[in-house]
Amino acid sequence: MGGVSTEIDAGIAVITIDRPEVRNAIGFATVDELSAALDRVQESDAAVLVVRGGGDRAFVSGGDLKELSAIRTHEEAVAMAARGRRLLDRVAGFPLPVIAASNGHALGGGAEVAIAADVRIAAEDIKIGFNQVSLGIMPAWGGAERLAQVIGRGRALVAIATGEVYDAEAAHRLGLVDFVVPRASFDKEWRTLAERMAATAPGTSRAVKSVIAAAAPTVHSHLEADATDAFAGLWAAGAHWAAVEALEQRRRP
């Protein structure tokens, strides 16, 4: 199972990715379960959507490398990237405001999930980074374009090309995180933010989101073919698999 749960109460929908055995990494089943969860939320009367990870160690640690290791060809990598990109395009273009509540580290694909949200609130001790370059690859799910929109082209280029991992305060200064709150009050803080956004006249949050989304689109479907092809070229290259093997060796006892 993909480890996804959904709760809807008092206008607030909460989708939780809870896969502690892989630090909330996204696997194939997770993608399907997230899509079904988005269907449920979209059909509800919720005014705000919160996406969070289970526990307090990881928001999302990225793609499930154990599952993804079976993907070796350029064509398979394009299909994998397109599947994840379309899921996060849906998050980015969701009709409700979306809050990413970063309860733990958001690295690689996890940072892509966070940047697909409209608002990011983070516990003070988390780290976030587009560090895919450490495995010889790049963001696959639309995160590069969205990051450039949020923090600017130059800063996005540096963040992705160096793979720097930022602490919460540095991410806040960069504009990558909107709110940094104490760990002890993290759950209270994100819920209070969601409650404030939901406590408006029915339909208000969706109307506001539609206007802002039209002014600053975060979904760029016309870029998908070139972006997934560029990613797939890196994925299928020997440098990527050498980096994966080196990582696996470091993890072995």
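Buried means under 20% relative accessible area. I need that cut-off for the entries below, and I note that the model I am reading is predicted.

**Entry 1: the aromatic residues**

I looked up Trp235 and Trp241 and found that both are buried. For Trp235 the relative accessible area is 3%, so this residue falls under the 20% cut-off. I then checked Phe231, which counts as buried because its relative accessibility is 3%.

Next I searched the whole structure for aromatic pairs, and the search gave two. One of them joins Phe231 and Trp235, with 5.6 Å from centre to centre and 40° between the planes, and this pair is tilted. Why are these two residues about one helical turn apart? They are separated by about one turn because they stand four residues apart in helix H10, which covers residues 224–235. An α-helix has 3.6 residues a turn, so residues three or four places apart point the same way.

Trp235 also pairs with Trp241: the ring centres are 5.6 Å apart and the planes stand at 85°, so I list this pair as edge-to-face. I wrote down that Phe231, Trp235 and Trp241 form one aromatic cluster.

I also looked at what lies over the ring of Trp241. The charged end of Arg72 sits there, 3.7 Å from the ring centre.

I listed the contacts of Trp235, leaving aside neighbours within four places in sequence. They are Leu68, Ile71, Arg72, Ala77, Met80, Ile137, His240 and Trp241.

I then turned to the largest nonpolar core, which has 78 residues. Trp235 is among the residues with the most contacts inside this core, together with Leu49, Leu147 and Leu176. Which helix gives the largest share of the core? I found that helix H3, residues 74–92, supplies seven residues, the largest share.

**Entry 2: helix H11**

Helix H11 runs over residues 238–251 and has 14 residues. From its first C-alpha to its last, H11 reaches 20 Å, close to the 20 Å expected at 1.5 Å a residue.

I noted His240, Trp241, Ala243, Val244 and Leu247 as buried in H11. Seen down the axis of H11, the buried residues fall within an arc of 155°, so they line one face of the helix. On the face turned away from that buried side I found the exposed residues Gly238, Ala239 and Arg250. The buried residues of H11 pack against helix H2 (65–68) and H10.

**Entry 3: Asp64**

I looked up Asp64 in the loop between strand S4 (58–60) and H2. Is Asp64 buried or exposed? Asp64 counts as buried, because its relative accessibility is 6%.

Asp64 and Val22 are 42 residues apart in sequence, yet their C-alpha atoms are 7.2 Å apart in space. Leaving aside neighbours within four places in sequence, I found Asp64 in contact with Arg19, Val22, Ala25, Ile26 and Gly27.

**Entry 4: helix H6**

In helix H6, residues 153–162, I found Ala156, Ala159 and Ile160 buried. Seen down the axis of H6, these buried residues fall within an arc of 90°, so they line one face of the helix. The face turned away from the buried side carries the exposed residues Leu157, Ala161 and Thr162.

I checked what the buried residues of H6 pack against, and noted helix H5 (143–151) and strand S9 (166–167). Just after H6, Gly163 takes a positive phi of about 70°.

Terms used: Residues numbered from 1 in each chain as written. Predicted model: local features only at pLDDT ≥ 70, side-chain atom pairs only at ≥ 80, totals over all residues. Heavy atoms only, no water. Core = buried A, V, L, I, M, F, W, Y, C linked by side-chain atoms within 4.5 Å. Buried < 20%, exposed > 50% of the residue type's maximum accessible area, 1.4 Å probe, protein only. Contact = heavy atoms within 4.5 Å. Phe/Tyr/Trp six-rings, centres within 6.5 Å; stacked < 30°, edge-to-face > 60°. Lys NZ or Arg CZ within 6 Å of the ring centre and 35° of its normal. Expected span 1.5 Å × (residues − 1). Arc of directions from axis to C-beta.
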